[in-house]
Amino acid sequence: MFDLPDDQILPLSKEHVFWTWSAQAKVNPIPVKRAKGVYFWDTSDKRYLDFNSMTMCVNVGHGDSRIIEAMKAQLDELPYAAPGMATKIRAIASKTVADVTPGGSLSKVLFTLGGADANENAIKIARAFTSRHKILSRYRSYHGSTAGAIAATGDPRRVAWEPNLMTGVVHFLDPYRYRSTFHRTNPDIPEEEFTRDYLNHLEEIILYEGPETIAAVLMESVTGTNGIIIPPQGYMQGVRALCDKYGIAMIADEVMSGFGRTGRWFAVEHWDVVPDIITMAKGLTSAYAPLGAVAMKPEIAACFDEHVFESGLTYTSHPVSLAAAVANIQVMKDDQIVEHAASMGPVLHKLLTDLGESHPSVGDVRSIGLFGIIEVVKDRKTKEPMAPWNGSSPEMTALRKYCLEHGLYVYTHWHTLLIIPPLIITESQLRDGFAVLDEALKITDKAVR
């Protein structure tokens, strides 16, 4: 039924597949055949070290038999149930997810199909809970590609679809120290003052917009593809305090940063902050099946005790996806994967720092847990990026091409290169990848002025 010669996978795909985030005539995908651990192989049996967890999602690594067997068992027992039905796996999965939220305090869980619709539903819930409309989110953010999620997104992926998007979104600036708008002439400002300036910026926008109109502040706890921007000390606590002060719901988008990526179950835990709502996907199942979730405090869920929640999905709480989630979380606990990611954090940080010191084209490096980034620049003094905002360059294209040719799968975004490997990666495997990066960056070094 599924027989197709390996040499036909790519041409047949090019003929019939409509590709996302791509100009259709220019796609040239890797024809992937199999994957295991931190590696995958193409149809020519070339092995790639996966430094991006495919789409920043295969947290426990490829091909874990425990998750696969759990999914098979669920297929044999109950492959599907209607959204209004209670099932054993739905009961177990909802408690399992609730239990790993900060302090287990977000005890009500709505399952979705992925991160975008998790954020969409979180926005609906926050608006209903507060009886307000506006959503504040940051410019360097990505929250999904559906109409509401892309409206909340701050980066240029939103602009292509405007103005036909969800209304009521107001964007604000990220506390991005390396390229701080406020501190270009004072880069060494103490962290406490730096944090206060960006909290003042947020509060000023809240006051201008009218606190009584704002339903939620929606933020990636650690910014993902737009820069791995790690909140400075006191920032997340300050946002929590502002939300409390003005009766605004705090939504933590943990789609990319959750499930061990930063060395905690959820990144927001690094700052001892409990948001009102957490959205999740990706590492929730480690991509063994599509699933997203919205976890919320019980008082928010209680808003719908007597009022109908006017939203739904045919595949909400799909049993096979829930089986993957439960098994995935159990694997993370059994193998202490979150703890491993935390222990590998200093290793990744040191490798990034050493790489930066060796290459004049590296302007900055940042990481938390196994969530890292390299900013590639033409000039360290001016911080001119190696590729323009929302664009690429011959140097960045050549850098990625070199990595792929040498068996390293990486994700480049404009002038940055992200390091987001499966959380099971070893120090030796990390070093293998960095050996390739060390050579690849010699390409961009030639463009440094």
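The second largest cavity in this predicted model has a volume of about 30 Å³. A cavity is a set of points, on a 1 Å grid over the protein atoms alone, where a 1.4 Å probe fits but cannot get out; lining residues have an atom within 4 Å of a point. Its volume is the space filled by probe spheres set on the points. The second largest cavity is lined by A81, A82, M85, T87, R90, T316, S317 and P319. Four of these lining residues are nonpolar, three polar and one charged, where Asp, Glu, Lys and Arg count as charged, Ala, Val, Leu, Ile, Met, Phe, Trp, Tyr, Cys and Pro as nonpolar, and the others as polar.

The model is predicted, and totals for linings use all residues, while local features need pLDDT of at least 70 and side-chain atom pairs pLDDT 80 or more. Residues are numbered from 1 along each chain, and side-chain values use heavy atoms, without hydrogens and water.

The count of cavities of 30 Å³ or more is two. The largest cavity has a volume of about 40 Å³, and its lining includes R140, Y176, E375 and W414. That lining divides into two nonpolar, six polar and two charged residues.

P319 also belongs to helix α10 (residues 319-334), whose axis comes within 8 Å of that of helix α3 (residues 65-77), with a crossing at roughly 150°. Because angles over 145 degrees count as roughly antiparallel, α3 is roughly antiparallel to α10. Contact (heavy atoms within 4.5 Å) involves, among others, I67, A70 and M71 of α3 and P319, V320 and A323 of α10. The contact residues comprise 10 nonpolar, two polar and one charged.

Conventions
On a 1 Å grid over the protein atoms alone, a cavity is a set of points where a 1.4 Å probe fits but cannot get out, and a pocket is an open set with protein on both sides within 12 Å along at least five of seven lines; lining residues have an atom within 4 Å of a point. Axes are lines fitted to C-alpha atoms, for helices over the stretch in contact, and angles run from 0 to 180 degrees between N-to-C directions. Helices (H or I, at least four residues) and strands (E, at least two) are DSSP runs, numbered from the N terminus. Angles under 35 degrees count as roughly parallel, over 145 as roughly antiparallel, 65 to 115 as roughly perpendicular and the rest as oblique.
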